[in-house]
Amino acid sequence: MASRARPDGADQLSFPSGHTSTAFAWATVANAHYGWKAGVPSYLAASAIGLSRITNDKHHLSDVVAGATLGFITGRTAVRTNGMRRR
């Protein structure tokens, strides 16, 4: 975690967005295991979480983009490490 002030000035824990990272990791795993019928709604929900973090002044756009990227990479790594897709 980098030391960056939140837009609302609450603390120095803005970068990257942990909520967004977690949401995108779950969406990536859901997509890999259950296909687009689970993946599309999961990615939409993850995107809504990221946008809510921006609109609630908890994160900057770059925090959310970094969190989404980190979550996607983490989810893909988990799927590759733990086996084949189950479709």
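The model is a prediction, in which local features need a pLDDT of at least 70 and side-chain atom pairs count only at pLDDT 80 or more, while totals for chains, interfaces and linings use all residues. Residues are numbered from 1 along each chain as its sequence is written, and side-chain values use heavy atoms, with hydrogens and water left out.

The chain contains 3 helices and 0 strands (helices are DSSP runs of H or I with at least four residues, strands are runs of E with at least two, and both are numbered from the N terminus). Along the sequence the order reads α-α-α. The C-alpha trace spans about 45 × 25 × 15 Å along its principal axes. Of the 87 residues in the chain, 31% are buried (buried means under 20% relative accessible area, exposed over 50%, and partly exposed in between, with a 1.4 Å probe and protein chains only). Mean pLDDT for the chain is 92, and 93% of the residues score at least 70; pLDDT is the predictor's confidence in each residue, from 0 to 100. Among the elements, α2 has the highest mean value (98) and helix α3 (residues 61-81) the lowest (95).

Buried positions in α3 are D63, V64, G67, A68, G71, G75 and V79. These buried residues fall within an arc of 130° when seen down the axis of α3, so they line one face of the helix; the arc is that of the directions from the helix axis to the C-beta atoms. On the face turned away from the buried side of α3 sit the exposed residues R80 and T81.

Turning to helix α2, W36 lies in this element, which covers residues 36-55. W36 counts as exposed because its relative accessibility is 60%. A45 is also found in helix α2 and is partly exposed, with a relative accessible area of 41%.

With a relative accessible area of 45%, L13 is partly exposed. L13 and K58 are 45 residues apart in sequence, yet their C-alpha atoms are 9.4 Å apart in space.
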